[in-house]
Amino acid sequence: MVDRYSRQVIFPGIGQEGQRRLGHSFVVIVGCGALGTIMATSLVRAGIGKVRIIDRDFIEYNNLQRQVLFDEEDIKNQLPKAVAAEQHLKRVNSSIEIEGIVADVNYTNVERLVQGADLILEGLDNFETRYLINDVSLKYSIPWVYGGVISSYGMTMDIIPGETPCLRCLSPKMPSTGLTCDTAGVINAAPFIIGSLQSTEAIKILLGAKEINRDLLFIDVWKGTFQRLRVSRRAECPACQGRYEFLEGQVGVKTSSLCGQNAVQVISPKVTEVSFDKLAQRLEPLGEVNRNEFMLRFVIDGYEMFVFPDGRAIVKNTSDELRAKGLYAKYIGS
Ligand SMILES: [Zn+2]
């Protein structure tokens, strides 16, 4: 144990006491793409006592360029990212608890998923879920570290409830640049550096270090520029005033198109559990069905539907949210 962490224990910022503290910490990583895989591998190697990794998606070939935990075998085995991450990381460090959860983080489950966490790390591709993380962090006083990356640049900021500005102080409304990894691309050094900074901030926050990053740090790896932007708390920020608009959520079937893919995710509040046996029985006469324990794939009319045990589905080969909703209602439920 001591030997495993000896190189960071020698480092004065951590030390024996710090290492012990890390060993008793619980961190939740939301999103296991490029940022998430970097953060997960850093924290597991650094000996965080419990790491929970949550992701809703499975692995594709275009992920391998930057999502360091995954390999071709994972794709052949059709593994969801959270499952593959857990499997790989358990081989790296068997002395801690590592938990991969395949789920879409939304207002119905976020409180349960982060319950008891000392810190939340975020490597998401959308602002809606980030605002949700911001709400839950402020409501339960759990610090979190924001990170975002696109093209050759990225940014990060620590959010300590009651102490620093929050994400809605920084950006009151959802940014609508229309830029995604799909349209703007991303080079791998950008998430590598931002993810590394996020995990360093995580360790500092867990250890109560003074030198945490209260600014918005903006880095462009291609231009080689590092900038700090001072962010202030906004008096009228709803989240800082205890109005958690994203956590309160909405009812009804929710759809969202997925970054970097011609695909739409569908979530129905009424369908929270799916029996693959029963569903396969129903769908097999209609189209191609195959499955493993993590998901059921159904092909119909040129669309590919991936259904997860929690009732969530990803409909591929369309970006039309209404169309996806219709297919879900027709074949899965409503
Ligand atoms: Zn705020």
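Leucine 121 touches, leaving aside residues up to four places away in sequence, Val27, Val28, Ile29, Val30, Met39, Leu43, Val145, Gln198 and Ala202, where contact means heavy atoms within 4.5 Å. The model is a predicted one, in which local features need pLDDT of at least 70 and side-chain atom pairs count only at pLDDT 80 or more, while totals for chains, interfaces and linings use all residues. Residues are numbered from 1 along each chain as its sequence is written, and side-chain values use heavy atoms, with hydrogens and water left out.

Leu121 is, with Val27 and Ile53, among the residues with the most contacts inside the largest nonpolar core, which has 44 residues. Such a core is a set of buried Ala, Val, Leu, Ile, Met, Phe, Trp, Tyr and Cys residues joined through side-chain atoms within 4.5 Å; buried means under 20% relative accessible area, exposed over 50%, and partly exposed in between (1.4 Å probe, protein chains only). Elements that give two or more residues to this core include strand E1 (26-30), helix H3 (34-46), strand E2 (50-55) and helix H5 (81-92); helices (H or I, at least four residues) and strands (E, at least two) are DSSP runs numbered from the N terminus. A second, separate core of 36 residues includes Leu113, Tyr131, Phe246 and Leu247.

In H5, the buried residues are Lys81, Ala82, Val83, Ala84, Ala85, His88 and Leu89, and they pack against H3, E2, helix H4 (72-76) and strand E3 (97-102).

The zinc ion is coordinated at 2.2 to 2.3 Å by the SG atoms of Cys166, Cys169, Cys237 and Cys240; donors are N, O and S atoms within 2.8 Å of the metal (3.2 Å for Na, K and Ca). Cysteine 166, in the loop between strand E6 (153-159) and helix H8 (167-170), and cysteine 237, in the loop between strand E8 (225-229) and helix H11 (245-248), lie 71 residues apart and link distant parts of the chain. Both cysteine 166 and cysteine 237 are buried.

Strand E14 (residues 313-316) has Ala313 and Val315 pointing one way and Ile314 and Lys316 the other, all of them buried.

| Strand paired with E14 | Bridges | Residues opposite each other |
|---|---|---|
| E10 (residues 263-267) | four | valine 264 and valine 315 |

E13 and E14 form a hairpin with five residues between them, and glycine 311 in the turn has a positive phi of about 95°.

Key
Two strands pair if DSSP finds at least two bridges between them.
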